[in-house]
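The sequence and the model come first, and the notes follow by topic.

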Amino acid sequence: MKKEILKLEVTYLDSEEELVPNDLILLQQARQAARDAYAPYSKFRVGAAVRLANGQIIKGNNQENAAYPSGLCAERVALFYANANYPDQAVEAIAVTTQGNSKPIHEPITPCGSCRQVMAEFEKKAGRPMKVIMQGEEGMIMIINGIQTLLPFSFLDDYLLKYNS
Ligand code: THU
């Protein structure tokens with residue numbers, strides 16, 4: 001038997017003031033996106049903003065539906081839009097936040113498992129670590145560099161290439 005302890009590196013900032021300027025802009029864009037979220041059912045508005053290698057920022061927010069499973073998270077709306085329209089631009093960073101929920105959220109919003117899976121794929125496609133900046137409505141900010149921190153042992157196309165040819 002063998003046991004392994006994994007190390008995960010997370011950076012915690014007290015507030016936006018500690019962010020480097022382009023990450024601050026990204027977070028602000030995510031916040032703006034959260035305001036426009038279509039979340040009439042959960043009332044949980046999430047915003048995401050993706051920064052591409054060329055500096056362009058793509059916003060996304062959660063899109064809900066009366067047929068609940070038809071909705072999509074903010075992160076995937078932004079990432080899929082980015083990859084649909086700028087397939088050759090690597091995703092450098094993504095900021096995720098929330099806005100104006102009934103109870104104030106003072107802790108970071110961390111992406112759901114499906115969004116982490118999509119991030120892992122785009123990170124591999126980009127060939128560079130994706131930075132994820134997470135914050136609630138205000139306060140503490142969490143930053144990770146590389147999706148492995150959010151999704152260790154992820155399923156990537158390596159398996160398909162290795163066993164499915
Ligand atoms: N949601 C996101 O947009 N991103 C996440 O990472 C977690 C959850 C959305 C989906 C749904 O519209 C609402 O939040 C409540 O789950």
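A polar contact is a pair of N or O atoms within 3.5 Å; within protein, one atom must be able to donate a hydrogen and the other to accept it, and residues adjacent in sequence count only if both atoms are side-chain atoms. The model is predicted: local features need pLDDT of at least 70 and side-chain atom pairs count only at pLDDT 80 or more, while totals for chains, interfaces and linings use all residues. Residues are numbered from 1 along each chain as its sequence is written, and side-chain values use heavy atoms, with hydrogens and water left out.

**Ligand surroundings**

- A polar side-chain atom of Asn-62 lies 3.0 Å from an oxygen atom of the ligand.
- Glu-75 places a polar side-chain atom 2.7 Å from a ligand oxygen atom, and for Ala-74 a backbone N or O atom is 2.9 Å from a ligand oxygen atom.
- Of the 370 Å² of accessible area that the ligand has on its own, the protein covers 75% (Shrake-Rupley method, 1.4 Å probe).
- The residues around the ligand (a heavy atom within 4 Å of it) include Ser-42, Phe-44, Glu-64, Cys-73 and Pro-111.
- This shell divides into six nonpolar, two polar and two charged residues; Ala, Val, Leu, Ile, Met, Phe, Trp, Tyr, Cys and Pro count as nonpolar, Asp, Glu, Lys and Arg as charged, and the others, Gly among them, as polar.

**Helix α2**

- Helix α2 covers residues 74-85 and reaches 17 Å from its first C-alpha to its last, close to the 16 Å expected (1.5 Å times one less than its number of residues).
- Helices (H or I, at least four residues) and strands (E, at least two) are DSSP runs, numbered from the N terminus.
- Ala-74, Glu-75 and Leu-79 are among the buried residues of α2 (under 20% relative accessible area, 1.4 Å probe, protein chains only; exposed is over 50%, partly exposed in between).
- The cover over the buried residues of α2 includes β2, β3, β4 and α3.

**Arg-51 in strand β2**

- Arg-51 lies in strand β2 and is buried, with a relative accessible area of 8%.
- Its side chain makes polar contacts with the side chains of Asp-23, at 3.0 Å, and Glu-92, at 2.7 Å.

**Ile-58 in strand β3**

- Ile-58 is found in strand β3 and counts as buried at 5% relative accessibility.
- Beyond its neighbours within four places in sequence, Ile-58 is in contact with residues including Val-50, Ala-78 and Ala-82 (heavy atoms within 4.5 Å).
- The C-alpha atoms of Ile-58 and Asp-23 are separated by 13 Å, with the two residues 35 apart along the chain.
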